Amino acid sequence: MTAGTTPALPSALAAGPLVLDGGMSNQLEAAGCELGDELWSARVLMERPEAVVGAHLAYFEAGASVAITASYQATYEGFARRGLGPAKVAELLALSVESAREAGRLARAGGITRPLWVAASVGPYGAMLADGSEYRGRYGLSVAELERFHRPRIETLAAAAPDALALETVPDTDEARALLRAVRSLGVPAWLSYSVSGDRTRAGQPLEEAFALAADCDDIFAVGVNCCAPEDVTHAVATAARVTGRPVVVYPNSGESWDAGARAWDGRATFDAARVEAWRDAGARLIGGCCRVGPEGIATIARALTT
């Protein structure tokens, strides 16, 4: 992870598939962290940053080459409700990147020699609301208003020098437009990943329309889907590859459903790493898991991509 020894993530992805990590929240819960409030995993950045390092390390040890930071729900507005000022929030956002870097250093000390990268998570506006609206979109805000919300956090994360920005779990095209504006010319490559249901975004727009927004944006090196049902991935991968010609990123949930009212997962897991070859054949190049997919799931993906 030192300049000159590790290729840029877009270049590495163009050369072949890479393994992404799994769900941050489930790994933190396994370590005994309390996530039952509006800050979710961002709370752990304040209270137990060493647990964040441990979660990243577990995924590197399982075979992941790319770690997504614990900044998904870390926002200036969300932390302000806890009485934190902008300077402290900026420190925590930077800490999210440094925690993943530290896990990489520990992984190397433990004998891992493959290149490792860090992607700074930029979650949707709805994640800050903590009411499940990131799975609906259509917040009643304009593209300009959404851009004003996202820009300060994105600029702070970019200043922490991650290898990439992960614009993830995006539920609709308005928010995608805002994010694309906010990352333009920052000098940090980004991927754009929608949360989908069937062949549409969570807000109901056709995926062809959604992916096409990124087709002419040079700052976006990959597009795809995350935080969705595994069954929805294959069609989305093929659509993203066809519409944009870019490498595709996929990291679905376990298949269980999130009950925002009860703040709990429901249903049964349908995630099956046997699907990985089909995703790769359809154009997926960065493959991992999202909510409820832990190190064991990432290990099976790593094995599938190396056999």
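I began with the surroundings of Asp 21: leaving aside neighbours within four places in sequence, Asp 21 is in contact with His 56, Tyr 59, Ala 64, Val 66, Ala 67, Ile 68, Gly 288, Gly 289 and Ile 298. Contact here means heavy atoms within 4.5 Å.

A note to myself on the source: this is a predicted model, where local features need pLDDT of at least 70 and side-chain atom pairs count only at pLDDT 80 or more, while totals for chains, interfaces and linings use all residues. Residues are numbered from 1 along each chain as its sequence is written, and side-chain values use heavy atoms, with hydrogens and water left out.

**Asp 21, continued.** I found Asp 21 in the loop between strand S1 (18-19) and helix H2 (24-30). Helices (H or I, at least four residues) and strands (E, at least two) are DSSP runs, numbered from the N terminus. What does the side chain of Asp 21 reach? I see the backbone nitrogen of Ile 68, at 2.9 Å. Buried means under 20% relative accessible area (1.4 Å probe, protein chains only).

**Helix H13.** Ile 298, one of the contacts of Asp 21, is among the buried residues of H13 (residues 295-305). I traced the packing of these buried residues to S1, helix H4 (49-62), helix H12 (276-282) and S12.

**The sheet.** I read the strand order as S1-S12-S9-S8-S5-S4-S3-S2, an open sheet of eight strands with parallel pairing. S1 and strand S2 (66-68) are the edge strands, each pairing on one side only. Two strands pair if DSSP finds at least two bridges between them.

**Strand S9.** Which way do the side chains of S9 (residues 248-251) point? Val 248 and Val 250 point one way, Val 249 and Tyr 251 the other, and all are buried. In a regular strand the side chains alternate between the two faces of the sheet. Next I checked both partners of S9. Strand S8 (residues 220-226) pairs with S9 in the parallel sense over four bridges, and Val 223 stands opposite Val 248. With strand S12 (residues 284-287), S9 pairs in the parallel sense over three bridges, where Leu 286 is the bridge partner of Val 249.

How values were computed
Buried means under 20% relative accessible area, exposed over 50%, partly exposed in between (1.4 Å probe, protein chains only). A polar contact is a pair of N or O atoms within 3.5 Å; within protein, one must be able to donate a hydrogen and the other to accept it, and residues adjacent in sequence count only if both atoms are side-chain atoms.
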